[in-house]
Each structure stands twice: as C-alpha cells, then as structure tokens.
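Hello,

Please find the structure below, followed by notes on what was found in it.

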Amino acid sequence: MEAVIAIVALLFVLFVALGVYATVKAVGAAKRGVDRTITQARRTVEDHTLRAKSFAQLGPAGELAQLRLKLRTSMRATQEALHAGVADDESLKESLGLFQRLSAHGHELDGELKRLESEPDRTTLAERLPGLRERTERVTQSADSLRWAARDRARRFADDDLDTLSAQIDVESGALRHWTKTEPTATPPPWPETPTVGGSAEQQTWPETPRSRTAEEPTRPAITPPGPRPTYPWQKKPRPESTT
C-alpha cells in the first residue's frame, strides 16, 4: 500500500513539474513575442520620426536624420536578405558572420548620430558632418554589397534550375510528340538526258533493265527437236502397204 501511495505521489509531482515547465515556456514565448512586437513598433515609429525630421528640419539636424534613416534602412534590408537566404544556402553563413561584425559598426554609428541630434553647438556639428557622412557611406556600401551579392547568388541558382527544367521539358515534349517526326523518303532515280545533236527523241536511250535485255536476245526453242533415229540389223523392215 505504501508503494502505491509513493508512486501516486511521484506521478503527481511529475505532472506538476511538467505543468510548471510548460507554463514557463509559454510565458517566455509570449514575452518574446511581446518584446518583438514592441521593438518593431518602436522601430517603425522611430523611422517615421526620422523621415519627418529629414523633410521638416534644415541644416545639420535634417542631414543627421537623413544619415540615420539611410543607415537603418540599408542594414535592416541586408539583415533580412541574409537571414532569409541562409536557410537555403549554407555558404551564406560566412556572409552572415561578416554582416554581424559590420552591424557592430553600424550600431555604434547610429548611436553617435542619435546623440548628435540634440547637440546645441551647430557649428561643431557642421564641422563633424563630413566625417559622419563618409562613415555612413562606407557602412551602407558594405551592407548593400552583401545584400546584392546574396540576391544575385539566389537568382543565379534559380536561373540554372530553370534552364535545366526547360531542357528536360523540351525533351519530354519531343518524346510525347513522336508521331510528328517525318521519316526521310527515298529519292527516285533521275530521268535520262535527251540527246542534243545527231539524234532524235526516238533514239533516246534508257537504262538497261533485265526485262529489256531479255527482249533483245533471239528467241530460243524451249525443246531441241529430235534427230533421225539409228537403225539396227535385227529390226524388221517396215511392210509396204498393199494397194489392193
């Protein structure tokens, strides 16, 4: 009886532990989903704010907003392209590693541009803008290069697969339409040429055939006629017929 109670208690504890584990996992997944939604909403709001600042503000502040918007757009597009392509192409893992290193420089630059948006000294900010513009251009060019290389590679694989598929379909279509292929016909022999000088159409020569050759040869008797029979002394002479 004590063994049964221990087994029941053990099963109860096991079910409780499984329930707690499932609850923690569900809460963690929900929290990650909420965090992802909040991050995406915050990023969307910030992008719209930067776009509005780039059009509304003039001078260094507006240019800073344009640089941030350009940097964030390029880095986000490259990240999405690499993450989408690495699932089908394992060789993009190295490119993804390079992009992660580039992302560190991009986040650092974005943070610096964000801090300079509230800089009151516009003169110093205008002096530093050429260097910030150059850094932003270098980062975005590297990101764009990785993104377009990944897209070109995916399109190349798709084109190769399409070419192979088209060739196979052409072969299969030809096999299905085998009755449309015409067999080569035998060329008839040419007609003899008409003589030009010293002859007429009646003297036209024709190619020899076995039947014409047989017709030109003289006819021979089918059976050789018998010759005179020899006579022997023991044979009786024929009796003359009487005239009476």
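**Charged pairs and helices**

D110 and R68 are both buried (under 20% relative accessible area, with exposed over 50% and partly exposed in between, for a 1.4 Å probe and protein chains only). The model is predicted, so local features need pLDDT of at least 70 and side-chain atom pairs pLDDT 80 or more, while totals for chains, interfaces and linings use all residues. Residues are numbered from 1 along each chain as its sequence is written, and side-chain values use heavy atoms, without hydrogens and water.

D110 and R68 form a salt bridge (a side-chain nitrogen of Lys or Arg within 4 Å of a carboxyl oxygen of Asp or Glu), and their closest N and O atoms are 3.0 Å apart. This pair links distant parts of the chain, with D110 in helix α3 and R68 in helix α2, 42 residues apart. Helices here are DSSP runs of H or I, at least four residues, numbered from the N terminus.

The whole structure holds 12 salt bridges. Another of them joins K93 to E90 at 3.0 Å, N to O, and both of these residues are exposed.

In helix α4 (residues 122–176), R155 and D152 are 3 residues apart, which means about one helical turn between them. Their side chains meet in a salt bridge of 3.1 Å, N to O. R155 is partly exposed at 47% relative accessibility, and D152 is partly exposed at 35%.

Regards

Key: Helix = DSSP H or I, 4+ residues; strand = E, 2+ residues; numbered from the N terminus.
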